[in-house]
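Please look over the sequence and the structure shown here before reading the report, which takes up sheets, helices and a ligand in turn.

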Amino acid sequence: MTAKPAAAAARATVYGYPRQGQNRELKKAVEGYWKGRVTADALRETAAGLRRSHWQQLAEDGIHEVPTGDFSYYDHVLDTSVMVGAAPERHRGAVEADALDGYFAMARGTQDVAPLEMTKWFDTNYHYLVPELGPGTVFTANSVKQVAELREAVALGYTARPVLVGPITYLLLAKPAPGVSADFEPLTLLDRLLPVYAQVLADLHAAGAEWVQLDEPALVQDRTPADLNAAARAYRELGAAADRPKLLVASYFGRLGEALPVLAAAPVEGLALDFTEAGAANLDDLAAVGGLPGKRLVAGIVNGRNIWINDFRKSLATLGTLLGLADRVDVAASCSLLHVPLDADAERDLDPQVRRWLAFARQKTREIAVLARGLGRGTDTITAELAANRADLASRAGSALTHDPAVRARTAAVTHADGRRGRPYAERAAAQRAHLRLPVLPTTTIGSFPQTDELRAARADLRAGRIDTAGYEARIKGEIEEVVSFQEKTGIDVLVHGEPERNDMVQYFAEQLTGYLATQHGWVQSYGTRYVRPPVLAGDISRPEPMTVRWTSYAQSLTSKPVKGMLTGPVTMLAWSFVRDDQPLGDTARQVALALRDEVNDLEAAGTAVIQVDEPALRETLPLRAADRADYLAWATEAFRLTTSGVRPDTQIHTHMCYAEFGDIVRAIDDLDADVISLEAARSHMQVARELAAHGYPRAAGPGVWDIHSPRVPSAGEAAGLLRTGLEAIPAERLWVNPDCGLKTRGWTETRASLENLVAAAREVRAAL
Ligand code: GLN
Ligand code: ZN
């Protein structure tokens with residue numbers, strides 16, 4: 001643990017910083033600009049002020065080399081598209097007329113022009129705008145933003161390192177533009193793209209950049225030999241330029257694997273690698289390639305995507321090993337700090353003891369600085385920090401919050417049988433038919449009904465004390481009455497209560513489970529100006545009392561039709577929270593599953609015959625590398641089954657997922673052993689029904705026939721057409737009729753019309769069976 005002083009003092013750095021500001025100033029300025037309340041100049045001034053204060057914070061916290069260009073009005077991948085002149089054809093005019101308005105038009109669309117598609121940034125909850133490329137794409141260098149932000153930082157006296165999305169990752173994240181063949185591979189544009197990158201690098205060099213960072217997280221995914229060849233070629237060519245800064249190629253979100261030797265051999269001056277648990281294999285792999293002689297190694301040792309303090313002792317041991325493997329070792333977070341909130345010290349409502357376990361962006365930068373000092377000057381220069389770190393880790397490990405003996409005893413006693421329904425599907429289906437007496441092609445919805453302004457106002461009123469709990473609950477009941485009576489009138493077969501009491505499908509449960517913490521200011525960017533505040537799953541999880549039973553029962557008391565109970569599944573509860581890192585995810589999932597199992601059983605005992613357990617995140621947290629997937633799917637499906645297997649055979653378990661591509665998890669979907677699954681399918685014309693059929697999926701399914709992401713109302717004929725397509729893959733006795741997803745973001749007008757059409761479509765197709 002005593003690291004010898006490095007030859008050159010280790011430097012502290014980061015790859016990116018939260019953009020929004022302590023009070024989400026950026027969100028307010030950008031949204032104000034959209035509404036015409038903030039001028040372009042005022043927006044630019046707010047942005048420049050935020051960049052200044054972020055660099056100042058970084059420097060104050062001990063960061064030697066600050067990033068530039070990581071700031072963005074909306075998204076850094078869209079910024080990259082602008083940098084290489086790849087605005088889609090349909091936005092060209094707008095971009096030329098006004099760069100800022102054109103930029104936002106690409107991000108959000110306009111009345112007449114569709115935006116770029118948005119998708120998840122690797123396995124994080126950040127969403128980027130997907131570049132649209134085609135054989136006709138012509139790239140041109142536009143380094144204005146990058147150069148300007150570098151100059152700002154340099155003028156303020158900072159040592160700055162511009163950060164760009166690397167050319168390989170940029171192309172691998174792109175998709176064929178509309179109208180271009182789906183077989184088109186954007187990577188074939190590499191030769192056209194490289195000169196543009198070379199130009200941007202030359203511009204940054206001329207503006208004073210000693211180093212430029214090129215981010216290549218796509219190289220931690222499984223890559224083909226052709227991809228790896230492309231990476232080798234890209235860095236050979238960029239490295240060969242005469243007029244360029246030193247290049248730091250950065251990887252994060254896991255191990256580089258077969259890409260490591262490729263980058264190690266490239267003529268670039270530095271590599272950044274992930275040395276957190278996700279990238280642990282990088283250590284041996286680096287030794288196996290003989291290290292990085294003559295190169296700079298940036299060690300991503302502080303986890304950039306969770307919110308827990310670092311273990312200094314462990315990190316220093318790793319860093320000490322790395323010293324022998326490169327010319328120079330610097331210390332960083334494993335990825336941009338974009339994925340964590342800004343400052344844990346702002347969480348005044350948390351127990352101060354617990355707050356000391358948390359490290360948001362500011363705390364992480366301080367950790368990086370301490371580790372760099374310990375590495376560079378010896379651990380005797382950080383004895384106080386080491387002692388404090390040891391004490392905080394010990395307090396967390398010994399806390400009653402993280403170790404509840406009752407929860408531990410219960411999870412230890414879980415048996416294989418606890419995770420299996422008592423009867424096979426065919427027998428359950430017969431029992432459920434007798435119990436529920438539903439028509440063929442039964443209609444239902446996914447759970448939520450429109451979250452109206454009145455509902456949000458009621459919640460705000462309750463928080464502000466303008467109404468009391470009784471007043472709030474009366475409003476919720478009123479909403480449930482409306483939702484139930486509308487569904488009865490419309491002729492829906494399996495009703496829902498509409499989820500009016502839920503602010504968010506994870507937060508609602510997190511607030512009621514022991515072991516979860518809420519933050520006041522823990523905002524992280526999801527996309528554009530949308531920020532989310534994930535709850536913190538900090539300790540052992542238990543359920544002090546039922547969470548949903550009274551609302552579901554109230555809805556059931558209003559109707560003789562079955563009302564479906566509605567829960568968020570264990571995998572999604574983990575995926576959309578900051579999860580403890582002191583035990584395997586599977587153990588945490590099992591605790592959550594047991595708490596939810598009690599809720600499922602209580603719902604059944606209260607007379608709920610249909611219970612849905614949503615798992616929209618099952619697909620999105622699939623590990624980036626195929627080799628890691630079996631383990632994940634094993635604990636994830638086990639947790640779902642543990643949640644749902646405590647009920648009688650005649651209780652019908654539903655699940656729901658909304659992600660367009662299910663192909664690679666059909667087997668896992670089968671393993672859930674849910675009686676009915678509803679899936680997003682309207683936009684892909686029932687593709688998922690064919691995928692389930694191809695797999696031989698034996699249970700009931702409801703591929704969505706209404707794309708709820710758009711306000712468009714599908715006609716009854718259109719929905720009936722989709723149902724007939726569904727029937728080609730799934731037999732009538734196993735096909736359900738439902739929308740793609742919940743209706744909370746929809747208005748009542750289109751909800752009414754669409755659900756009426758959906759019921760009409762079901763009746764029409766039934767009549768023709
Ligand atoms: N039951 C939830 C709802 O209807 C499901 C949401 C989701 O799939 N993301 O809102
Ligand atoms: Zn959904």
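## Basis of the model

This is a predicted model, in which local features need pLDDT of at least 70 and side-chain atom pairs count only at pLDDT 80 or more, while totals for chains, interfaces and linings use all residues. Residues are numbered from 1 along each chain as its sequence is written, and chains are lettered from A and ligands numbered from 1 in the order in which they are written.

## The sheet of 7 strands

An open sheet with parallel pairing is formed by 7 strands in the order S1-S5-S7-S8-S9-S10-S11; strands (E, at least two residues) and helices (H or I, at least four residues) are DSSP runs, numbered from the N terminus, and two strands pair if DSSP finds at least two bridges between them. Strand S1 (65–68) and strand S11 (326–333) each have a single partner strand, so one side of each is left without a neighbour in the sheet. From one strand to the next, the twist averages 25°, where axes are lines fitted to C-alpha atoms, for helices over the stretch in contact, and angles run from 0 to 180 degrees between N-to-C directions.

S1 pairs with strand S5 (residues 159–165) in the parallel sense over 4 bridges, and Val66 stands opposite Ala160 in S5. Helix H6 (residues 144–155) packs on this sheet, where it touches S1 and S5, and its direction makes about 160° with that of S5; contact between two residues is counted when their C-beta atoms, placed from the backbone, lie within 7 Å.

## The sheet of 5 strands

A further open sheet, of 5 strands with parallel pairing, has the order S16-S18-S19-S20-S21. Its edge strands are S16 (564–568) and S21 (700–703), each of which pairs on one side only, and neighbouring strands are turned by 20° against each other on average, direction ignored. Within this sheet, strand S19 (residues 652–657) and strand S20 (residues 676–679) pair in the parallel sense over 4 bridges, with Ile677 in S20 as the bridge partner of Thr655.

## Two helices in contact

The axes of helix H8 (residues 190–206) and helix H9 (residues 225–240) come within 10 Å and cross at roughly 35°. On the H8 side, Leu190, Leu194, Tyr197, Ala198 and Leu201 meet Ala230, Ala234, Glu237 and Leu238 in H9.

## Around the ligand

Of the 13 residues around ligand 1, those that come nearest are Ile446, Gly447, Ser448, Pro616 and Gly742; a residue is near a molecule if its C-beta atom, placed from the backbone, lies within 6 Å of it.
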